Amino acid sequence: MSCARLRTEYLAARDARHAQVVAACRLAQEAGAGAVVVASTNLPGPEKNRPGLEALVQRSLAALGARGVHLTLVSAGTDLLGPCRVLLAAEPASTVKTLTVALERDLPGGRVLDVDVLTADGDPVDRESLGLEPRCCYVCDRPARECILFARHPLQELLAAVDAHLALADAPEAGREPDCRGAS
């Protein structure tokens, strides 16, 4: 498959997901929900569907429920970008975001998750606005955005780190993911 065709297909998948999120925001406003939650994965490189991702997304939603978040499924599926669930949460968006950040950090394999939280109006709730630590790089203890910006790690190194994180998801007794607090 050509790069141009693959890029077009990725963009189409991203646009389809965006349409699902917009529809979920309308539902959230109608239902008086506190937040829209988009649970997916975040992988470098062209291959976004790896073994274990679907189970990891499902475990993350079960863990959010166990932490007291009341979720209602709006849409579910797997596309070129990997597994994705769009849900409504009864709780306020800032509360849900704080829990999802902890989940991405603490759930074995959670670094591979990408759980976005939006208000019912569609405004994203980011880590910085809540005073939370930035997302950590897959490979080192620096913030991910910094490593992406400076292209610090080759794709093969990133993919090996992804595989290591996914192995943690298969062996929950392995413990918690590293975090970037205090990283420079």
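**Notebook: cavities, helices and cysteines**

I started with the second largest cavity, where α5 gives the most to the lining, with three residues. Helices here are DSSP runs of H or I, at least four residues, and strands are runs of E, at least two, numbered from the N terminus. This is a predicted model, with local features needing pLDDT of at least 70 and side-chain atom pairs counting only at pLDDT 80 or more, while totals for chains, interfaces and linings use all residues. Residues are numbered from 1 along each chain as its sequence is written, and side-chain values use heavy atoms, with hydrogens and water left out.

**Second largest cavity**

I noted the grid rules before going on. On a 1 Å grid over the protein atoms alone, a cavity is a set of points where a 1.4 Å probe fits but cannot get out; a pocket is an open set with protein on both sides within 12 Å along at least five of seven lines; lining residues have an atom within 4 Å of a point. Points are joined across faces, edges and corners, and a volume is the space filled by probe spheres set on them.

I get two cavities of 30 Å³ or more by this rule. By class I count four nonpolar, one polar and two charged. For the classes, Ala, Val, Leu, Ile, Met, Phe, Trp, Tyr, Cys and Pro are nonpolar, Asp, Glu, Lys and Arg are charged, and the others, Gly among them, are polar.

**Asp163**

I then looked up Asp163, which sits in α5 (residues 155–170). Asp163 is partly exposed at 38% relative accessible area; buried means under 20%, exposed over 50%, partly exposed in between (1.4 Å probe, protein chains only).

**Largest pocket**

Next I checked the largest pocket, about 1400 Å³ in volume. It has 42 lining residues, and the closest to its centre are Asn42, Asp114, Asp116, Arg135 and Arg145. I see 22 nonpolar, five polar and 15 charged residues in the lining. α1 supplies the largest share, seven residues. Among the elements giving at least two are also β1 (35–41), α3 (93–106), β4 (113–118) and α4 (144–149).

**α1 and α3**

I checked spans against 1.5 Å times one less than the number of residues. α1, with 29 residues, reaches 42 Å from first C-alpha to last, close to the 42 Å expected. α3, with 14 residues, reaches 20 Å, close to the 20 Å expected.

Buried in α1 are Tyr10, Ala13, Arg17, Val21, Ala24, Cys25 and Ala28. Their cover includes β1, β2 (71–79), β3 (82–89) and β4, with contact meaning heavy atoms within 4.5 Å. Gly32 follows α1 and has a positive phi, near 75°. The buried residues of α3 include Lys97, Glu104 and Arg105, and what covers the buried residues of α3 includes β1, α2, β3 and β4.

**Cysteines**

I found zero disulfides, a disulfide being a pair of cysteine sulfur atoms within 2.5 Å. Cys137 is in none, and its nearest cysteine sulfur, that of Cys147, is 3.7 Å away. The sulfur of Cys147 has its closest cysteine sulfur in Cys140, at 3.5 Å, too far for a bond. I have both Cys137, at 6%, and Cys147, at 5%, down as buried.
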